[in-house]
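Me: I would like to go through the labels on this structure and see what each one rests on. Can we take them in turn?

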Amino acid sequence: MNSSLTRRLAGTATNSIRTAKLHTPLRAISISAKQQQQQQQQQQSHLQSNQIQHDQPSTTHFGFKTVPEEVKESLVRNVFSSVASNYDVMNDAMSLGIHRLWKDHFMRTMAPTPGAKLLDVAGGTGDIAHRFLNYQDNINHDSTSSVHMVDINPDMLREGERRFADSKWKQEGRVDFTVGNAEHLDFIEDNSFDAYSIAFGIRNCTHPDRVVREAFRVLKPGGRFMCLEFSRVSNPLLAAAYDLHSFYVIPKLGELIANDRNSYEYLVESIRKFPAQDDFAQIIREAGFTTIGSGYENLTFGTVAIHSGFKF
């Protein structure tokens with residue numbers, strides 16, 4: 001091969017090497033920049049998605065409707081303000097008076113000791129508080145026990161205050177009343193009550209688990225949590241009859257007696273949205289309470305249940 005051809009080939013090879021050295025890094029830089037841009041876009045999209053999810057309000061149920069959590073409290077307050085003046089009459093009509101027997105059995109099951117302090121939450125018109133003080137007077141012959149009634153609805157609480165206005169218990173300072181939220185009993189100190197009751201009220205709360213945790217906090221060691229609430233009927237035939245009564249008879253009674261069909265439709269729907277017996281018993285245990293056996297007792301075929309837990 002002559003020297004001229006050799007020089008030309010060597011020059012071509014040198015240029016190729018130089019070109020490779022120049023273009024390969026540029027190509028790598030170009031790919032890296034593109035990947036970085038894609039990663040930034042993905043991160044931005046992820047952040048936007050998280051922001052959208054964060055901005056969307058948490059929801060809960062109001063009967064069979066789905067509503068933002070922050071509005072449920074006011075919706076429930078409106079329901080009970082509407083029914084407050086007819087609440088006791090409607091309870092008799094809806095249950096054919098059986099609710100009185102349920103509450104009597106509830107108090108016998110509680111069997112409070114002399115001198116006990118009861119926190120009655122969602123105390124409403126005072127059915128449980130009245131039975132508690134009667135039990136202490138007539139069974140324990142005790143005049144030192146007391147009850148603190150709490151209800152989120154001032155109209156319901158006023159009905160309770162009227163009931164006790166001329167009573168010896170009010171005169172003796174053994175009953176008092178506070179408007180308050182069962183989920184946030186900030187005005188009550190830890191370990192300050194011997195017993196806690198909530199009857200036909202916890203299903204209306206936005207977070208029943210928070211209610212139970214607050215109950216655990218305010219009870220003394222050895223204190224007892226008790227809840228009376230509508231529940232699930234397991235027998236299919238009885239359940240069908242119960243549904244018929246619930247969804248057709250009760251709203252009609254609400255329309256005729258209280259001139260308020262919608263509120264009683266909600267109250268019936270709220271029963272169906274409340275956890276079944278075993279599920280609620282587990283919520284009570286998860287809050288720290290110790291339960292005996294299943295943790296509940298069914299009444300009237302499971303129409304209602306008494307739930308109980310001890311703080312040990």
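This is a predicted model: local features need pLDDT of at least 70, side-chain atom pairs count only at pLDDT 80 or more; totals for chains, interfaces and linings use all residues.

Me: What makes β7 and β9 (residues 304–310) a strand pair?

Reply: The bridge count. Pairing needs at least two bridges. β7 and β9 are joined by 7, and they run antiparallel. So they pair, by the definition of at least two bridges.

Me: How do you know that β6 and β7 pair, and in which sense?

Reply: Again by counting. There are 6 bridges between β6 and β7, in the parallel sense. Isoleucine 198 stands opposite cysteine 227 in β7. Tyrosine 196 has phenylalanine 225 in β7 as its bridge partner.

Me: Which strands are the edge strands of the sheet?

Reply: Take the order first. The open sheet has 7 strands, β5-β4-β3-β6-β7-β9-β8, and its pairing is mixed. β5 and β8 (296–299) each pair on one side only, and they are the edge strands. Neighbouring strands are turned by 15° against each other on average, direction ignored.

Me: What do β6, α8 and β7 make?

Reply: A right-handed β-α-β unit. The helix α8 packs on the sheet and touches β3, β6 and β7. The direction of α8 makes about 150° with that of β7.

Me: How many residues of β7 are buried?

Reply: 9 of its 12, and β7 is described as mostly covered. Phenylalanine 230 lies in this strand.

Me: Why does phenylalanine 230 count as buried?

Reply: Its relative accessibility is 18%. Buried means under 20%. So phenylalanine 230 counts as buried.

Me: How many aromatic pairs does the count come to?

Reply: 10.

Me: Why is the pair of tryptophan 102 and phenylalanine 230 called edge-to-face?

Reply: Two values decide. The ring centres are 6.2 Å apart and the planes stand at 90°. The limits are within 6.5 Å for a pair and over 60 degrees for edge-to-face. Tryptophan 102 lies in helix α4 (residues 98–110) and phenylalanine 230 in strand β7 (residues 219–230), so the pair ties together parts 128 residues apart in sequence. Tryptophan 102 is buried at a relative accessible area of 7%.

Me: Why is the pair of phenylalanine 200 and phenylalanine 230 called tilted?

Reply: The centres are 4.7 Å apart and the planes are at 40°. Stacked needs under 30 degrees, edge-to-face over 60, and the rest is tilted. So this pair is tilted. Phenylalanine 200 lies in the loop between β6 (193–199) and α8 (208–218), so the pair with phenylalanine 230 ties together parts 30 residues apart in sequence. Both phenylalanine 200 and phenylalanine 230 are buried.

Me: Which residues do ring pairs link into a cluster?

Reply: Tyr196, Phe216, Phe225 and Phe289. The charged end of lysine 311 sits over the ring of phenylalanine 216, 4.9 Å from its centre.

Me: What makes the phi of alanine 122 stand out?

Reply: Phi of alanine 122 is near 55°, a positive value in a residue other than glycine. Most residues other than glycine have a negative phi. Alanine 122 is in the loop between β3 (117–121) and α5 (127–138).

Me: Why does alanine 122 count as partly exposed?

Reply: Its relative accessibility is 27%.

Notes:
Residues are numbered from 1 along each chain as its sequence is written. Side-chain values use heavy atoms; hydrogens and water are left out. Rings of Phe, Tyr and Trp (its six-membered ring) pair if their centres lie within 6.5 Å; planes under 30 degrees apart count as stacked, over 60 as edge-to-face and the rest as tilted. Helices (H or I, at least four residues) and strands (E, at least two) are DSSP runs, numbered from the N terminus. Buried means under 20% relative accessible area, exposed over 50%, partly exposed in between (1.4 Å probe, protein chains only). A charge sits over a ring if NZ of Lys or CZ of Arg is within 6 Å of the ring centre and within 35 degrees of the ring normal. A crossover is right-handed if, with the strands pointing away from the viewer, the path from the first strand over the helix to the second runs clockwise. Axes are lines fitted to C-alpha atoms, for helices over the stretch in contact, and angles run from 0 to 180 degrees between N-to-C directions. Contact means heavy atoms within 4.5 Å.
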